[in-house]
Amino acid sequence: MDLLVKNGNVYVDGYVENVDVGVQDGRIAEVGDVETADRVIDASGCLVLPGMVNAHTHAAMSLLRGYADDLPLQTWLEDEIWPVEAHLTAEDVRVGSRLAAVEMIKTGTTAFADMYFHMDKVADAVEESGLRASLGYGIITVGKDEEESEEELREGVEFVREYDGAADGRVQTMLCPHAPYTCDGTTLREAAEAARDEDVTLHTHLSETAGEVEDNVDEHGERPPEYLDSFGFFEGNAYVAHGVHLSDDELGYLASKNVGVAHCPSANMKLASGNAPVAGMLDAGVTVGIGTDGPASNNTLDLFKETRHAALVAKNREDDASVVPAQTALDAATRGGANLLGTGTGVIEEGHPADLTVVDLDAPHLTPKHDLVSHAVYAANGGDVTATVVGGEVLMEDGVVETMDAEAVVADAEETARELVERAEAEG
Ligand SMILES: [Zn+2]
């Protein structure tokens, strides 16, 4: 065996068992009793989870964490975020993505889906960090002429062609028209066709706010899902982010098309976009993953916090404490997200890629240990993670990131973020 995670409380198929996890050639080779291996992580007193999957984020927005808060989505985007983003350089995206990678490793995320620009820099951060990711260039055509719009789609397709399978297969690609309200109809149709031609997933923001739904009806006479459907958007492999304002009929339709949802409860609450119908999604048979959305609207990439919020928001919305119980939320954060990204991870089972998150349970807030699945969702946070493993490679052990110089990455990000904001404010 290459790696042995020894004597942990391992989350296997809905239950926690005291077993060893043996890893060979990047995959889980044995769940049971393993004597030794080239490298051993002692997980005694720890909870071993399938690697957490962040199903929707914009990693480089970590540079804008705390820059603009307490505003509704459209004001936040148009008046605060977009003006600064207009000054973002490829180097900024590189630095922000590396910061996000360190944060994800430290908080137990092993795979993430990212839609942004300068995606080659995000891919570089994935390569360097050892994380797994599904990446797509965020196509936006609003305010652009026909030629510029075609160029946007071309950039998205070129990224797919160049980077699918990069970083020894840890990078997968997607086509990502940003949203129905930021892309013209022609681009939405052509992006959907291109995703089918390239055999990659199509990913977009959908029905995040009530205002967006109303505007879509005013402009196009249809609600956003029906509008996207008219462009063949759901004919291939697709999943959407948010889905806060989806009706029961729309959920049923998405389920019938095997279109999943990346649920982003913190961003939805922070921007007052509403509470997504997660219980309704699950009832309808929609695959649900959990995402943080960008760290400027969250404001962290801690998927433990997000999973807790996913469970709480559902109970609050439905006025029913029994909906989205701990195990359901944990499964969404692991196998749900893995299914959306198509990573084959999200479960601790022989033959699956060895992506693991190890949580130290030796803490007052994780005592006593009546129910470890409950603890994973309601009591633990990303700071409790001590080891992170992707494809059998140890990215962190005992809280020390091994693939990157975490301190240098953080210092670099502090400096780069300050310069970005100074530049944006000076140049307007
Ligand atoms: Zn987003």
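This is a short exchange about how some descriptions of this predicted model were reached.

Colleague: Why is α4 called roughly parallel to α5?
Modeller: The axes of α4 (residues 146-163) and α5 (residues 185-198) cross at roughly 20° and come within 11 Å. Angles under 35 degrees count as roughly parallel, so α4 is roughly parallel to α5. The crossing of α4 past α5 is right-handed.

Colleague: How do you know which residues make that contact?
Modeller: Residues are in contact if their C-beta atoms lie within 7 Å. On α4 these are Ser149, Glu152, Leu153, Gly156, Val157 and Val160, and on α5 they are Thr187, Glu190, Ala191, Ala194 and Glu198. By class, the contact of α4 with α5 has five nonpolar, three polar and three charged residues, with Gly counted among the polar ones.

Colleague: Why is α11 called oblique to α12?
Modeller: Helix α11 (residues 303-318) packs against helix α12 (residues 326-341) at an angle of about 135°, with the axes 9 Å apart. Roughly antiparallel needs an angle over 145 degrees and roughly perpendicular runs from 65 to 115, so α11 is oblique to α12. Leu303, Thr307, Ala310 and Ala311 of α11 meet Ala326, Ala329, Leu330, Ala332 and Ala333 of α12. That contact of α11 with α12 has eight nonpolar, one polar and no charged residues.

Colleague: What makes β6 and β13 the edges of the sheet?
Modeller: Eight strands form an open, parallel sheet in the order β6-β7-β8-β9-β10-β11-β12-β13. β6 (52-57) and β13 (288-290) each have a single partner strand, so one side of each is left without a neighbour in the sheet. The twist averages 25° from one strand to the next.

Colleague: How do you know that β6 and β7 pair?
Modeller: Pairing requires at least two bridges, and β6 and β7 (residues 109-116) have four, in the parallel sense. Asparagine 54, for one, has phenylalanine 112 in β7 as its bridge partner.

Colleague: Which strands does α12 lie across?
Modeller: α12 lies across β6, β7, β8, β9, β11, β12 and β13, running at about 55° to β6.

Methods: Residues numbered from 1 in each chain as written. Predicted model: local features only at pLDDT ≥ 70, side-chain atom pairs only at ≥ 80, totals over all residues. Axes fitted to C-alpha atoms, helices over the stretch in contact; angles between N-to-C directions. Helix = DSSP H or I, 4+ residues; strand = E, 2+ residues; numbered from the N terminus. Contact = placed C-beta atoms within 7 Å. Left-handed = near helix turned anticlockwise from the far one by under 90°.
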